[in-house]
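Have the sequence and the structure open side by side as you read.

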Amino acid sequence: MKVEWKSCFRVGVSIFLLYLCIQYWPSAIGLFQSAIGAASPLLIGCVIAYMVNILMNMYEKHYFPKAKNTILCKSRRPVCMIAAFLTLLAVIIMVIDLVLPQLASCVKSIFSALPNAIMAIIDGLEKINILPEDIAATLSAIDWKSKIGQIVNILTSGVGSVMDVVISTLSSVFSGFVTALLSTIFSIYLLLGKDTLARQCKRLLQHYLKESYYEKFVYVITILHDCFRRYIVGQCTEAVILGVLCALGMFIIKLPYATMIGTLIAFTALIPVAGAYIGGGIGALMIFSVSPVKALIFVIYLVILQQLEGNLIYPRVVGSSLGLPAIWVLAAVTIGGGVMGVTGMLIGVPIAATLYRLI
């Protein structure tokens, strides 16, 4: 077998790079994490562009589809992109406008009613002889209103000084705002130039890959994209179904804030794992300000609804949109969550659907 110096050089460089990675693995991981952190606005922008593109494509199909006018054809992409961004912004504003004002008033009423509730609990425990008289007298003598005010001040001011907290909060808000702004701008550039980027990637891959490898790569990427798109659409559909069922059930059993909590549950259902607990906790807190008994009824109802949703609705809606049997949806969520946590649960189902279709 003829040995060429180019092959030896490539093998030598590969072995040297492998040695560097093994020898300086912590430094390499640190460098990789720094690079990911620096590129986080761009990565977030890619995610935003991918999700907005799904809505934008739907609008493009209905924006004068048979028009041959040059102006209408040229305006299709920017008009549909703006409509997609405005739709998402309108949904977020609607959820915030429905939830936050009522939530703030509920928290206020809870804190104002808390001192009387504590005194009522102490009196009840004293009447049934659970608390000793000296402990009951000590607890009754405490000014619970001022104590709760002190606790609130500690929670709002934090451990450090007020100025440190204010500076830290402003810094975090400014950093988050800049990241969101850069990500949004980058996503807009991606959406406006996606056709050009697709052509450039195609030319690059065709130049550096063999034709058979290129065709296989494009085939896998096409299936992966289709599965992710169907998964996002199915996830949104499932969230809407859950929110509607929650609101209808609350109307039937006459629980307060039905529309508001149904909207909140639908919005937080998009968050894997933690979303159900966030929506349920906030909803129970809001109902608790009206009636603790109704809050308990809501928690029981939501637990039953989430069990039905997790075992019946979710596998059927998401599984049918992906062409993946329900049992494999549950398996993908379980394995993905065990391997990569929340991220694994989010991407486990479309990856499993891709493997299922490829096999």
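This is a predicted model: local features need pLDDT of at least 70, side-chain atom pairs count only at pLDDT 80 or more; totals for chains, interfaces and linings use all residues.

Is Ser75 buried or exposed? With a relative accessible area of 19%, Ser75 falls under the 20% cut-off and therefore counts as buried. Its side chain has a polar partner: the side chain of Tyr63, at 3.0 Å.

## A nonpolar patch on the surface

Now look at the outside. Val91, Ile92, Met94, Ile96, Leu100, Phe267 and Leu270 make up a nonpolar surface patch, and together they have about 570 Å² of accessible area. Helix α4 gives the largest share of that patch, with five residues.

Take Ile96, another residue of helix α4. Its relative accessibility is 43%, so Ile96 is classed as partly exposed, the class between 20% and 50%.

## Helix α10

Helix α10 is mostly covered, with nine of its eleven residues buried. Which ones are they? The buried set is Ala258, Met260, Ile261, Gly262, Thr263, Leu264, Ile265, Ala266 and Thr268.

Thr263 belongs to helix α10, and it counts as buried because its relative accessibility is 17%, under the 20% limit. Setting aside neighbours within four places in sequence, Thr263 touches Met94, Val95 and Leu98. Met94 has already come up, as a member of the nonpolar surface patch.

Nonpolar side chains tend to be buried together in soluble globular proteins. In this model, the largest nonpolar core has 16 residues, and Cys246, Met250, Ile261, Ile265, Ile287 and Phe298 are the ones with the most contacts inside it. At least two residues of this core come from each of α9 (211–252), α10 (258–268), α11 (274–288) and α12 (292–322). The largest share, five residues, is supplied by α12.

What does Phe298 contact, if you leave aside its neighbours within four places in sequence? Its partners are Cys246, Met250, Leu255, Ile261, Gly280, Gly283, Ala284 and Ile287. Among them, Cys246, Met250, Ile261 and Ile287 are also listed with Phe298 as residues with the most contacts inside the core. There is also a second, separate core of eleven residues, including Ile223, Leu324, Val329 and Val333.

Notes. Residues are numbered from 1 along each chain as its sequence is written. Side-chain values use heavy atoms; hydrogens and water are left out. Buried means under 20% relative accessible area, exposed over 50%, partly exposed in between (1.4 Å probe, protein chains only). A polar contact is a pair of N or O atoms within 3.5 Å; within protein, one must be able to donate a hydrogen and the other to accept it, and residues adjacent in sequence count only if both atoms are side-chain atoms. Patches are made of residues with over 30% relative accessible area and no salt bridge: like charges are joined within 9 Å, nonpolar side chains (Val, Leu, Ile, Met, Phe, Trp, Tyr) within 5 Å. Accessible areas come from the Shrake-Rupley method with a 1.4 Å probe; for residues, only the protein chains shown count as cover. A salt bridge is a side-chain nitrogen of Lys or Arg within 4 Å of a carboxyl oxygen of Asp or Glu. Helices (H or I, at least four residues) and strands (E, at least two) are DSSP runs, numbered from the N terminus. A nonpolar core is a set of buried Ala, Val, Leu, Ile, Met, Phe, Trp, Tyr and Cys residues joined through side-chain atoms within 4.5 Å. Contact means heavy atoms within 4.5 Å.
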